[in-house]
Amino acid sequence: MSLFKQLFIAICVLMLASFTGSMLIGVESSRAQQVAQLRTHAQDTATALGLSLAPHINDDMTMVELMVSSVFDSGYFESIRVLAPDSEEVLVERSGTPVSGEAPQWFARLVDLESARGDATVSDGWQRAARVEVVSHPLFAVGKLWKNALGNLIWQAVVSLLCIVLGGLLLRRRLRPLNYMVEQSQAIARREFLTQSELPTTPEFRRVVLAMNQMVDKLRNLFAEEAARSERLRDEAYRDRLTGLANRRYFDLQLHACLAGEERASSGFLLQLQVNDLLGLNQRLGEQRADQLLKSIAEQLQQLSQDHLLVARHRGGKFLLLGAGLQRAEAEQLAQRIDQALGSLQQTGVCDCLPVAYIGLVAFAAGDEAADLHHALDMALTQAAAQPTRHWAIHELGVAPPAEDPSQYWYALLDRVLSEGRLQLYFQPVVDAREPDRVLHHKVLARLHDERGQVLAAGHFLPWLERFGWTTRLDLAMLEQTLLQLRISDQRLALSLSHQLLHEPQVLAGLYRRLEDNRELTSRLTLELDENHLPAPALLESLTQNLRRLGCGLGLQHFGGRFSMIGNLARLGLSYLKIDGSYIRAIDRESDKRLFIDAMQRAANSIDLPLLAERVETEGEWQVLRDMGIAGVQGHLFGEPGPVLRSGSQATQGGGVTPSA
């Protein structure tokens, strides 16, 4: 029983005891007054009647009878008798009981008032002529006592009820800090840190609230320190100090993910920019002016990339751009815009020579070697420097350019697959890092068959879906088949959503309706968002609240590039964070990666947020992650993606299911 209920019941019991005591004392006091009043009434009546009967007691008995009857009929009397003075002979007598009274019989029996007696002597001169005996009936007194008790009951009941209501409201107000402390504790469990700004006036509660706020602040600061340390380690390892861009190492990690990844865009264009005569600029303008030029070039590249391309500084005057999903025409247009933007730097005096830089381009696809691509970029730069007018060039890497635009082929294929529900579901297990035989959940992956029957990973067709604006169609189709898979199996599944879906209210409302219609399945479904495409905080918070209401979890995948934002994510109650595989690759051989992931693990552990690792491919990587306390791992080492769900007793075939209308 809650403290509020206990105190409220105690108040009610005390008020009931007070009410009962007041009633008993009031009734008893009134009873004593009525008894005294009855006695006075009987004695006064006897005295008055004796004086009235004196002139007629010996001469006119008829008048005596009339006077006795008149007095008897005018009040509440049990009997009036006129007796002879010596023989006690009854001369005149009237007696009777009132027919009814104002008080109920049970009350009359409860108070038990007795009749009061009074007598007086009737004198004839100096002689006793008779004696008058009057007995008052208590019915009148019981009626008055009943009225007083009833009025007192109503008053006491109203006052008691009012006191109980006011006491309950006051008690609720005084106990409000306790309720907020319960919310604080629950918020900490949800990885939120709430403090109570309005301190209670009660000294005891005030001390408790201050102690609770101090604990929450300490936890928040501890988490912020861990997050800042992780961010600092990441910047030291993967960020160029001069320009603030990513460095060559981070670029190579992301390039490797594109070339080897199955779920990301695995084709596109690489661009390499080489500042013209950087050594001469240093000598002519000085080191500070040369550094300012590099910073200006970095700003121009970031503006032109619009957060869609990865921009990195290689070394010296070399910059790299990773354009996953770029087509040849788009890459050429980007090179022209960069060349024009850099030309403006010479006009502003930042650089004293033209061209400011040369640009080389090369196309890449899944399976290419990173070393071959970098060599091709160097060849493209050489070609660009040799051209008299155009300052950029494309090296074909030994492959002839496509004769026609493949967009029509992909448009027809993807439209047919999505319309006919011919997507294939593949599953990759995410297992406990300490017990690899225990599956935490399966990641749902999209596959489709081309016209030759080959299975294509999502990395091949995702850029085209984005180009055609069909990513939301893919999301809804995958959700439909995932729900069907949940209905025929007992496994937990995780499904990725595109960021475009979150910005289309009608599509998002449709997703909520599908989850609402399948509430019995949502407890085994976790939706995932990409860290690089998170929506605005208000939209993200609304999404988490709606998914929590529907019983569905939310996780982040490819996490690590924006670790400083984990403080804002802490209060959302995420199911887990999946560390991007680029930070996992060769972690057993690179100590700075271990420092970064270890700091991330401590920060996440301080708010009870599980960390999972993507693309774990070697025993060494797994052992390091296991020793760090990473909750789960996913990668080819623990299971290749396939159309079969892995379970302890049986395998469930997935995919090839046509969603219902």
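**Group meeting: a walk through the model**

Okay, let's start with leucine 527. Leaving aside residues up to four places away in sequence, Leu527 touches Leu495, Leu497, Leu511, Leu515, Leu547, Cys552, Gly553, Leu554 and Gly555. Keep in mind that we're looking at a predicted model.

So where does that leucine sit? Leu527 belongs to the largest nonpolar core, which has 99 residues, and along with Ile597 it has the most contacts inside that core. There's also a second, separate core of 33 residues, with Leu278, Leu294, Leu334 and Val350 among them.

Next, strand E17, residues 576–579. Which way do its side chains point? Tyr576 and Lys578 go one way, Leu577 and Ile579 go the other, and all of these are buried. In a regular strand, side chains alternate between the two faces of the sheet.

E17 has parallel partners. Strand E16, residues 553–559, is joined to E17 by three bridges, and leucine 556 stands opposite leucine 577. Strand E18, residues 611–613, is also joined to E17 by three bridges, again parallel, with alanine 613 as the bridge partner of isoleucine 579.

Last stop: an open, antiparallel sheet of four strands, ordered E2-E1-E4-E3. Strands E2 (90–95) and E3 (116–124) are at the edges with a single partner strand each, so one side of each has no neighbour in the sheet. On average, neighbouring strands here are turned by 15° against each other, ignoring direction. Helix H2, residues 61–73, packs on this sheet, touching E1 and E2, and its direction makes about 25° with that of E2.

Note on methods: Residues numbered from 1 in each chain as written. Predicted model: local features only at pLDDT ≥ 70, side-chain atom pairs only at ≥ 80, totals over all residues. Heavy atoms only, no water. Pairing = 2+ DSSP bridges. Helix = DSSP H or I, 4+ residues; strand = E, 2+ residues; numbered from the N terminus. Axes fitted to C-alpha atoms, helices over the stretch in contact; angles between N-to-C directions. Contact = heavy atoms within 4.5 Å. Core = buried A, V, L, I, M, F, W, Y, C linked by side-chain atoms within 4.5 Å. Buried < 20%, exposed > 50% of the residue type's maximum accessible area, 1.4 Å probe, protein only.
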